[in-house]
Amino acid sequence: MADMSIALLGQPNSGKSTLYNRLTGSHQHVGNWPGKTVEKNEGTFTHGSHTYNITDLPGTYSLAANSDEEIVTRDFIASGSADLIIIMSDASQLERSLFMLADYAGINVPCMLILNMMDVSKEMGRQIDTDKISKRLGIPVLPFTASDKNSYEALYDILEKDCSSWHLDAGGLEQAYADAFGSTYSKAVSLMPEGGIGVYSPAWLFSKLAEGDEVAKNIIGGCENKDEIIKIVSGIENGAPRTGNCKFTWIESIIGGAVTEKKGSSALSKFDRLATSKVGGTILAVAIALGAFIGSVILGYPLMALGGALPALGQPLAEKLLEEGAHPLLVSILCEGILTAVAFTIMMCGYIFGATFVFGLIEDVGYMARISYIFDGAMKKLGLHGKAVMPFLVSFGCNIGGATSSRVLDNWGQRVMAIALSWVVPCASTWGVVGLIATLFFGPAGAALTILGLLAVSVLHLIITSKVFGKSLIKESDRTGLIMELPPYHKPKWGSLLSLSLTRMAEAFKRAIAIVTIVSVVICLLSYSSTGNIHDSIIYKAGSAIEPVTLFFGLRWQTFTAWIASWMGKEGSLGAIAALFNESSVMTAIAQSSSAPLDNNIVSAALSATLSKPEALAFVFAFYFNMPCLMALSASVHETHSLKWTLKIAGYYVCMSLLISCIVYHLALLIW
Amino acid sequence: MIMKLSDIKPGGKGRITAVTGDAAFQRRITAVGMTPGSTFEVIRREKGFPMLISIRNTLLAVNSEDCKQIETEAE
Ligand SMILES: Nc1nc2c(ncn2[C@@H]2O[C@H](COP(=O)(O)OP(=O)(O)O)[C@@H](O)[C@H]2O)c(=O)[nH]1
C-alpha cells in the first residue's frame, strides 16, 4: 500500500516525462484509461520509508474538454484518486505555461507547483522569487531542474510533509472574473451551491461554462438552478478569450514583482532563420530526415547484422538434430520456423532502437517542431497537421517505429489516421525487395521508372485513403489546424534517450516475437513435405488450386504466396520466391533471404523464365502496397488501442493492394 | 486600426484585440497564451506555411487560416 498518490499535471514540453521517469525508474506501468484510447502511465517510487504512487497525466495545454486527453485528466483529478496534484510549469516560459495553474485554480484538490527548467531560465538571465509566488498562491512552489538529480532531494522533502492543506488561493482570479463579467458572473455563481459541486468551485464552473464547455454542463446537471445558470451563461460571447484574459491577468499579478529579467529578444537565432525559411528550411528538413534515416540504420546495424547472421545456424543445427534422431517436422519447425522468427524480430529491433534514438534526439533538441512546421502544408492536404510528419519519416525505415511515433499527436482520431496513412510509406525492407525484382526484370532504367510509378500511385493512395477514413476517424471538431510551440533548443539527454530506445525496443520485441513465431511455424507446417519436394506440400496444392483466381490480379501462385509471406516480414517474400522457384524448402529460403537474397543464378533464371513482365510488375505493385508486416500491425493495435480499426485498415490495404496490382497487370498486358 | 493577424508582415508588432472563431478554436488558442490584450511580433509569414508568432516569450506556429480569426491593432 502506497502512503500517498500523486499525479503530474502540465503542458507539453514542461518536463513531465523527465520527472516521471526519474522518479519511477523502471517501476512503471503503461495501460489504458477505462473506456478511452488514451495511454495511462502509472508508476511507484519509494523514498526513505515512504512509498508513492504516481500518475503521469496526459500533457495538454489546458483543462478544457477539447479532447479525450483533457477529459481523462479532469475526471481523474475530480475522482479524488490523487492526494496531491503536482503542477509542472516551464520557468523559461513562465507566464504562458502557468496557464495550466490558472485553469486548475478553483479545483479543490491539494496541489503544489514545480517551476521546471530553472537552468534554462537562469541562462536567460531571469530570476524568480519562488517564496513570493508561494505566499501568493498558498501552496509550495519548488524551483526545479528535472534533468538534474540534485533537484530531487528538495522534492522528496516536500512530499514528506502533510499536503492536505495545500489549497491554491484562487481569490484573485475570482475577482478578475467578477470584474470582467460583472453581474453575469455574480448571478451565475449565486445560483450554484456555495461550496461548488464536487471538487469544482463555482468560479471554476463559471469559467468553463463561459468557455462553452459541454462537459461542464453535465457537471451542473444535478443542480436545481441548472436551467437558469445555462440561460445566463449562454448569453456570453467570446467566453474563452475573455476568461483567458482573466487568467493571464491573474498570472501577471502572481508573478509581478517576483520575476526579474533581462529583456529577451524575440528575433530568431541564425540557425532558426535558416530552419524556418521556405526553401532553405525545406532542404534542411529533408536533409536532416535523410540523415536521421541513415543514422538509424547505422545505429541499428549491429543488431540487424546479428539477426541476419542467425539463420546461417539453421543448417548445421538441423543436421545435428537429425543425426540425434529428431523428427524432421520438428527440426523444420525449430531450425527454420522459430529461428527465422527470432532473426526477423531481432533485425527489426535493431532499426527500432536506431530510429527511436535518432528521432528521439531530434525531438529532444527541439528540431522536430521545425520539421513539423515545414511539412505542415503537405500534411494539411491529408487532413492532418504538421505534427503528423514524424510517423511518416520514421516509417521510411520501419512501420513499427512509425506507429509508435504517432504518440506525438494530440487526439486519437488523428493518431489512427496518421498510422493508417503511414502504412503507405514503404519500409527499408520493402525498398530492398522492390529494387531487386524490378532490376531483375526491367533493368536499372526500367527499375527507376517502376519506382517513379510506385511513388505516383503512393500519392494517389494517400489521398484516397485520407478520404476513405477521414470522415469516420476525425470528427469535424478535431480537424484542427496547427497550433504548436517551437521550443528553444535544448541539450540532448543522452541517458534518457538511451533508456527510451531500449524500452521501445524491448516493447517491440515482446509484442512481435510471439506473433511472428506463430506465423512462421504455420508457414513452415504448410510448406513441409515429407519427400522434400515442394509439390507434395499443402502450400503448393492450395496455391495452385487458387491460381486461376490470383492470376486475375496478375499473381501466379508463387508470387501470391510471396505476397502473403511478406506479412511476416517484408524480406520474407524474397525467400518465398527463392524457394518456390527453386523448389526447395520454403522456410529455409525465407530464413536465408535476409543474408543472401536472390544471389542464386538458378533462381533468377527460373524467375525470369516463369514470370512474364506484366506478372512481375503486378507483383511489385501488389507487394509494395500490401499491408505492413504483422509486427507493425501489432504495434498499431497497441498505439490505437483498437484491434477493430487496425483490422479494418489492414483489410482495406489488402484489397487496395490487389486492386492496384490488377489494374497495373491489365494495363501492362496492353503494352507487352 | 484593426487588422487581422494574417495580414501583418514579418517584423510587425501589435496587440491582440479579439479572438473570433468557434469556441473550440478560442479555447485552444487562448490556452497557448494568445488572449486579447497580449502583445506579439510576427516573425514569419510565408505562403503555404503556418505563421510564426512570438508571444509571451514563446515562439508559436499557428495555421495561417486560423490567423484570420485573430484581430489585432498596432502597438
Ligand atoms: N535544460 C532542461 N531541460 C529539461 C528539463 N526538464 C526537461 N527538459 C528537456 O525538455 C524537453 C521536454 O521534456 P519532457 O520531459 O519530454 O516534457 P513533457 O512533454 O512535459 O513530458 C526534453 O528535451 C527534456 O530533456 C530541465 O529542467 N532543464
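These are my notebook entries on places I looked up in this predicted model.

**Ground rules.** I count residues from 1 along each chain as its sequence is written, with chains lettered from A and ligands numbered from 1 in the order in which they are written. Because the model is predicted, local features need pLDDT of at least 70 and side-chain atom pairs count only at pLDDT 80 or more, while totals for chains, interfaces and linings use all residues, and side-chain values use heavy atoms, with hydrogens and water left out.

**Entry: the ligand.** I looked up what surrounds the ligand and noted 18 residues (each with a heavy atom within 4 Å of it), the closest being A:Asn13, A:Ser17, A:Thr18, A:Asp119 and A:Asp364. I then noted polar pairs (N or O atoms within 3.5 Å; within protein, one must be able to donate a hydrogen and the other to accept it, and residues adjacent in sequence count only if both atoms are side-chain atoms). A polar side-chain atom of A:Ser17 is 2.3 Å from a ligand oxygen atom, and a backbone N or O atom of A:Asn13 is 2.7 Å from an oxygen atom of the ligand. For A:Ser147, a polar side-chain atom lies 3.3 Å from a ligand nitrogen atom.

**Entry: A:Asp56.** I found A:Asp56 in strand E4 of chain A, residues 50-56 (helices, H or I, of at least four residues and strands, E, of at least two are DSSP runs, numbered from the N terminus). A:Asp56 counts as buried because its relative accessibility is 8% (buried is under 20% relative accessible area, exposed over 50%, partly exposed in between, with a 1.4 Å probe and protein chains only). Its side chain makes a polar contact of 2.7 Å with that of A:Lys16. Beyond neighbours within four places in sequence, A:Asp56 is in contact with A:Leu8, A:Lys16, A:Ser17, A:Tyr20 and A:Asn41 (contact means heavy atoms within 4.5 Å).

**Entry: A:Asp213.** I looked next at the loop between helix H10 (202-210) and helix H11 (214-219) of chain A, where A:Asp213 lies. A:Asp213 is buried, since its relative accessible area is 0%. A polar atom of its side chain is 3.0 Å from the backbone nitrogen of A:Val215. Not counting residues up to four places away in sequence, A:Asp213 touches A:Ala64, A:Ala65, A:Arg74, A:Lys208 and, on chain B, B:Arg27.

**Entry: B:Ser6.** In chain B I placed B:Ser6 in the loop between strand E1 (2-4) and strand E2 (13-19). Its relative accessibility is 13%, so B:Ser6 counts as buried. Although B:Ser6 and B:Ser64 are 58 residues apart in sequence, they are 6.5 Å apart in space, C-alpha to C-alpha. Setting aside neighbours within four places in sequence, the contacts of B:Ser6 include B:Ser64, B:Cys67 and B:Lys68.

**Entry: helix H30 of chain A.** I noted that helix H30 (residues 630-640) is mostly covered, with nine of its eleven residues buried. Among the buried residues are A:Leu630, A:Met631 and A:Glu639. The buried residues of H30(A) pack against helix H17 (328-365), helix H20 (399-404), helix H21 (412-422), helix H23 (494-527) and helix H31 (643-671) of chain A. Just after H30(A), I saw that A:His641 takes a positive phi of about 55°.
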